[in-house]
Each structure stands twice: as structure tokens, then as C-alpha cells.
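Subject: Structure handover

Hi,

Here is the structure we spoke about. Please open it first, then read the notes below.

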Amino acid sequence: VQLQAFGGGLVQAGDSLRLSCAASGRPFSNYRMGWFRQALGKAREFVGAITRNGGTTYYGDSVKGRFTISRDNAKNMVYLQMNTLKYEDTAVYYCAASGTLVFSMTEAVQPSSFNSWGQGTLVTVSS
């Protein structure tokens, strides 16, 4: 599956922003989807993930309560709604697709569980 993330930009602390990720090439509903981010000089960090039917979501501790992941299988889209943005949310955000047989929080937080990645979209939060 091919992924393309978009929607990043420059915002102020406290603002909201919604990232989108468009999927193509394979039945989208077969994949669990995730969002990761990578700040300059730091390792890739798990942000959130969602199961194939959208019934279960997982979040990293740093974004829990502020970010919401959702998907629309009819449109082959996954979204990341980011509220109350902080300076430390500044990063390149990547969407990713997982075709693993087992998917729980343990698998969701590992980049190696995801076999397809989008190109990333930059989110810059000014303080």
C-alpha cells in the first residue's frame, strides 16, 4: 500500500491541526494504521495507531488526551487530529500501515510492525 501524508504546517502553541494520510494500491481496510513522528536529532516516536475497523486506538503517553486518530475506510484515509499543540510536538509526522497478524499496544509502538510508510509531513509549533 502506498501512503501520502499531508496537512502539516506552522502553528502556534495551543492551536489545533489535522493531518491526513491517503492510501492507495491495496485494500485499505486490511491494514492497521499508525502515526509516528521524528523530531530533529531524535528517534522516531510512536504517536497513535488504529485497528482495521477503527474500533480500537492506541496513543503514546505524550499525546494521550490531546491527539485523536481516526480512519475512513470508504475514503482510504486516516487522520490525526492534534489539539492543544505544544512546542515539543514539532516534528515530521509519518503515517504507516501494518499488515501484521497480531496487533496490540506492544506491536503498535514498534516502527518495525509497520511495513509501509508515507513520506512525512512537517509540523512546526511556535511557542
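Keep in mind that this is a predicted model. There are 4 salt bridges in the structure.

**Salt bridges**

Start at Arg37. Its side chain forms a salt bridge with Glu45, with 2.8 Å between the closest N and O atoms. How accessible are the two partners? Arg37 has a relative accessibility of 5%, so Arg37 is buried, the cut-off being under 20%. Glu45 is partly exposed, at a relative accessible area of 30%.

Arg37 also meets Asp89 in a salt bridge, at 2.8 Å from N to O. This pair links distant parts of the chain. Arg37 sits in strand E4 (residues 32-38), and Asp89 sits in the loop between strand E8 (77-82) and strand E9 (91-98). The two residues are 52 residues apart. Both Arg37 and Asp89 are buried.

Asp89 has another partner, Arg66, with a salt bridge of 2.7 Å from N to O. Again the pair links distant parts of the chain, 23 residues apart. Arg66 is in the loop between strand E6 (57-59) and strand E7 (67-72), while Asp89 is in the loop between E8 and E9. Arg66 and Asp89 are both buried.

Put together, Arg37, Glu45, Arg66 and Asp89 form a network of salt bridges.

**Disulfide**

The structure holds 1 disulfide. Cys21 and Cys95 form it, with their sulfur atoms 2.0 Å apart. The link is right-handed, with 60° about the S-S bond. What does it tie together? Cys21 is in strand E3 and Cys95 is in strand E9, so the pair joins parts that are 74 residues apart in sequence. Cys21 counts as buried at 1% relative accessibility. Cys95 counts as buried at 0%.

**Open sheet**

An open sheet of 4 strands runs in the order E1-E3-E8-E7, with antiparallel pairing. Which strands stand at the edges? They are strand E1 (2-6) and E7. Each has a single partner strand, so one side of each has no neighbour in the sheet. On average, neighbouring strands of this sheet are turned by 15° against each other, direction ignored.

Within this sheet, look at E1 and strand E3 (residues 17-24). They pair in the antiparallel sense over 5 bridges. Phe6 has Ser20 in E3 as its bridge partner.

**Around strand E11**

Strand E11 (residues 121-126) has alternating side chains. Thr121, Val123 and Val125 point to one face and are buried.

E11 pairs with strand E2 (residues 9-12) in the parallel sense, over 4 bridges. Here Val11 stands opposite Val125. E11 also pairs with E9, this time in the antiparallel sense, over 3 bridges. In E11, Val123 stands opposite Ala91.

**Nonpolar cores**

The largest nonpolar core has 28 residues. Which residues have the most contacts inside it? They are Trp35, Leu80, Met82 and Tyr93. The elements that give two or more residues to this core are E1, E3, E4, E5, E7, E8, E9 and E11.

Leaving out residues up to four places away in sequence, Tyr93 touches Ala5, Leu19, Trp35, Phe36, Arg37, Val47, Phe67, Leu80, Met82, Gly120, Thr121 and Val123. Among these contacts is Arg37, which is also part of the salt-bridge network.

A second, separate core has 8 residues. Among them are Phe46, Ala96, Ala108 and Phe114.

**Thr51**

One last residue. Thr51 is in the loop between strand E5 (45-50) and E6. Is it buried or exposed? Thr51 counts as buried because its relative accessibility is 13%, and the cut-off is under 20%. With residues up to four places away in sequence left out, Thr51 touches Arg32, Thr56, Tyr58, Arg71 and Phe103.

Best wishes

Note on methods. Residues numbered from 1 in each chain as written. Predicted model: local features only at pLDDT ≥ 70, side-chain atom pairs only at ≥ 80, totals over all residues. Heavy atoms only, no water. Buried < 20%, exposed > 50% of the residue type's maximum accessible area, 1.4 Å probe, protein only. Contact = heavy atoms within 4.5 Å. Pairing = 2+ DSSP bridges. Axes fitted to C-alpha atoms, helices over the stretch in contact; angles between N-to-C directions. Disulfide = S-S within 2.5 Å. Core = buried A, V, L, I, M, F, W, Y, C linked by side-chain atoms within 4.5 Å.
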